[in-house]
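Subject: Structure handover

Hi,

Here is the structure I promised to pass on.

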Amino acid sequence: MHDLRRQALESGKTVSRKARSKQASPTSSRPSSRPTSRAASRSRAVSRAGSEEDETGNLSDETSFSTNSIDELLNGDNTDPITDAWRADLADRIQELLDRKRSSGQGRERCLATYARILTAQYAEEDVRGKEAELVVAFLKSIKAETSEKETILAMKALAMTVVTSPSDLIYEAVCGPLKRVITDSASVPSKTAAVHCLGTCTFFGGASDDEILDNMAYLLEIVASDGSFIDAQDEADPVVAALEEWGSLSTLIDDLADESEEAAEYFVDQLASSDPGVQIAAGENIALLYEKSYRPLTDDDGGADFGEGDIISDPDEIPGVPKLIKNYDVYRRTDVLKDTLSDLASLNTRRLSKKEQKAIRTNFADILDSVEYPTHGPRYQNAISQDTGKRYGSRMTVRIHKEGVMKIDKWWKLHRLQALRRVLQSGFVKHYEANPIVFESLPYVSSICLLSTLYANRVCRIMITNDRKTSKEY
């Protein structure tokens, strides 16, 4: 892998930087008017809004970076069967990818699709190990050439699956420039959107430094702030949604966003006026995350400080060992106005949107409003008291592993990472969560019974992902 960057070029938790150095951030081009992303792609909005009738099987694992609704994300994860000969098939596809001189455009498309499908369905780190450099070079040739939209997107999906399967600290440096050129210069909106998601995945898993993570967050924020015009995609909803989603995912790697939060919150609040439900929900989820990250545990060193009313939050159930939280900084100056906007969205009733889109907006913004008012409340929080425990139910979104413990998706940062993993892994999420330590460590399961050895030994592990409104589903 030492030659990866050279070959690619020849082929054609941290504290924010501002908090450390107080240096000026990259110039931001805030639009003169409030962004209002239009629903250029209704399929993207419907995918995020979702419905009980939609099926994850309709998604293409080879080309898709999207997820369906939260409910489907939590309840629909079936990997298509694959033959026992997948290792030999994968070896043949790798050799075919590297032997580009004898390939045709359609042949490369089929090869990339099969490669991505196998890596999605199987954890193939041993099969990819040592070949990452050559594979990345091959993917970049397809990405740079943009011979066809399909080949370009397939190459980016193959690249994303490679970095999740066999991460390297050198991949990000090799692919960042080419991916940003597609985002900026490509005439294809789907290619731009896929490149945004691929950039986010490679930044997260590909060895980006702290400053590079922050640089890409600023880059993604430019796309959001300009309503897509920064990348020549004015009023195209999909690239804006992708930028919002990947900004949220990358922000979970940053401990302190005090100096970035206010500017980011302004742009996210602007996007709440979008006509596209996917843009609105993605912006709202980032707002909830910012409010969650603005609080920190109260320590003994804070004893003599003078705090304002409402700056300290206690656990409502007074559970022993749960620390009080203190507001570290203000996220948005006009929180009162923001609450009114979120309240309107949580009770939205309009003929402009379908019933399922309205339901998705109302459900999500009820959660987001609750978290802005009470930053300790995560997704799907319920104040109802359990008759069994006498405590509040709290967040009802959970991941059950082998029936021996429960990981609650009780924080917005957990939901952002879950969604980011699901975007790239699609129907292979369960398989990779069981077998791929990189995936597992990005959203770890913690309980009194340690199951790491079970997971890493690839033993049978049932994952049931449930929420409060649907019956658990076993795999």
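A word on angles before anything else: under 35 degrees counts as roughly parallel, over 145 as roughly antiparallel, 65 to 115 as roughly perpendicular, and the rest as oblique. They run from 0 to 180 degrees between N-to-C directions, with axes being lines fitted to C-alpha atoms, for helices over the stretch in contact.

You are looking at a predicted model, where local features need pLDDT of at least 70 and side-chain atom pairs count only at pLDDT 80 or more, while totals for chains, interfaces and linings use all residues. Numbering starts from 1 along each chain as its sequence is written, and side-chain values use heavy atoms, with hydrogens and water left out.

On confidence: pLDDT (the predictor's confidence in each residue, from 0 to 100) averages 79 for the protein, and 69% of the residues score at least 70. Residues 1-13 stay under 50 and have 26 contacts beyond four places in sequence in the model, a contact being heavy atoms within 4.5 Å. Residues 447-475 are also below 50, with 82 contacts beyond near neighbours in sequence. Where pLDDT is low, the predicted coordinates should not be read in detail.

Now the helix pairs. Helices (H or I, at least four residues) and strands (E, at least two) are DSSP runs, numbered from the N terminus. Helix α9 (residues 149-165) and helix α11 (residues 189-205) cross at roughly 15°, and their axes come within 9 Å, so α9 and α11 are roughly parallel to each other. From α9, the contact takes in E149, T152, I153, M156, L159, A160, V163 and V164; α11 brings P190, S191, A194, A195, C198, T201, C202 and F205.

Helix α14 (residues 258-271) packs against helix α15 (residues 277-293) at an angle of about 150°, the axes being 8 Å apart. That makes α14 and α15 roughly antiparallel, therefore. S261, A264, A265, F268, V269 and Q271 of α14 meet V279, Q280, A283, N286, I287 and L290 of α15.

Finally, the sheet. It is open, with 3 strands in the order β3-β5-β4 and antiparallel pairing; two strands pair if DSSP finds at least two bridges between them. β3 (295-297) and β4 (312-313) are the edge strands, each pairing on one side only. β3 runs antiparallel to β5 (residues 325-327), joined by 3 bridges, and P297 stands opposite L325 in β5.

Cheers
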